[in-house]
Amino acid sequence: FEVLEKLKTWIPMATVGAVSFVVGGILSVLLLLYPIYNAESSSQYQSLAEPVTLFETILSDLDRNYVDPVDTNKLFETGISAMLRSLDPYTEFEGKSEAVELNESVNGKYGGV
């Protein structure tokens, strides 16, 4: 019976040790690979974040410091439209009003008198 008692004590400890070893190995591999993955995704994010931040800064500066009042929404839509026009003659940006008009013409629902 002494052997059974020792086995009952040893098996749970061995299981915990084995599970800890496997989990530690997996975490080690992930920690080694994470900087490689993170560097790639970070550089992709940075390449998009810089122009977007610049665009936002320009809009904000114009809104606060331009001599005359500025419609930043119109400037934003104009900037996006110009960017898309530079791709090809077919890609267009639709503002809210144009999207509503297109949706009405497609769905055939009209309001008013």
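A surface patch, as the word is used here, is built from residues with over 30% relative accessible area and no salt bridge, and like charges are joined into one patch when they lie within 9 Å. With that in mind, the predicted model shows a patch of negative charge on its surface, in which Asp-71, Glu-77, Glu-92, Glu-94, Glu-98, Glu-101 and Glu-104 gather. Helix α3, which spans residues 96–107, supplies 3 residues to this negative patch, and that is the largest share.

The protein chain has 3 helices and 0 strands, and, read from the N terminus on, its elements follow the order α-α-α. Of the 113 residues in the protein chain, buried residues make up 5%. The accessible surface of the protein chain comes to about 10300 Å², and carbon and sulfur atoms account for 65% of that area.

Returning to the negative patch, one of its members, Glu-77, lies in helix α2, which runs over residues 72–85. Glu-77 counts as partly exposed because its relative accessibility is 30%, a value that falls between the limit of under 20% for buried residues and that of over 50% for exposed ones. Lys-96 lies in helix α3 and is exposed, because its relative accessible area is 73%. Between Lys-96 and Glu-77 there are 19 residues of separation in sequence, while their C-alpha atoms are 9.9 Å apart in space.

Asp-88 lies in the loop between α2 and α3, and with a relative accessible area of 28% it is partly exposed. Its side chain reaches the backbone nitrogen of Tyr-90 at 2.8 Å, and the side chain of Asp-88 likewise reaches the backbone nitrogen of Thr-91, again at 2.8 Å.

The structure holds 1 salt bridge, and in it Arg-64 is paired with Asp-61, the closest N and O atoms being 3.2 Å apart. Arg-64 and Asp-61 are 3 residues apart in helix α1 (residues 2–65), so about one helical turn separates them. The two partners are placed in separate accessibility classes: Arg-64 is exposed, because its relative accessible area is 57%, whereas Asp-61, at 34% relative accessibility, counts as partly exposed.

Val-19, Phe-21, Val-22, Val-23, Ile-26, Leu-27 and Leu-30 form a nonpolar patch, and together they present about 700 Å² of accessible area. Among them, Phe-21 lies in helix α1, and Phe-21 is classed as exposed because its relative accessible area is 69%.

Key. Residues are numbered from 1 along each chain as its sequence is written. This is a predicted model: local features need pLDDT of at least 70, side-chain atom pairs count only at pLDDT 80 or more; totals for chains, interfaces and linings use all residues. Side-chain values use heavy atoms; hydrogens and water are left out. Patches are made of residues with over 30% relative accessible area and no salt bridge: like charges are joined within 9 Å, nonpolar side chains (Val, Leu, Ile, Met, Phe, Trp, Tyr) within 5 Å. Accessible areas come from the Shrake-Rupley method with a 1.4 Å probe; for residues, only the protein chains shown count as cover. A salt bridge is a side-chain nitrogen of Lys or Arg within 4 Å of a carboxyl oxygen of Asp or Glu. Lys and Arg count as positive and Asp and Glu as negative; His and the chain ends are not counted. The place of a charge is taken as NZ of Lys, CZ of Arg, CG of Asp or CD of Glu. Helices (H or I, at least four residues) and strands (E, at least two) are DSSP runs, numbered from the N terminus. Buried means under 20% relative accessible area, exposed over 50%, partly exposed in between (1.4 Å probe, protein chains only). A polar contact is a pair of N or O atoms within 3.5 Å; within protein, one must be able to donate a hydrogen and the other to accept it, and residues adjacent in sequence count only if both atoms are side-chain atoms.
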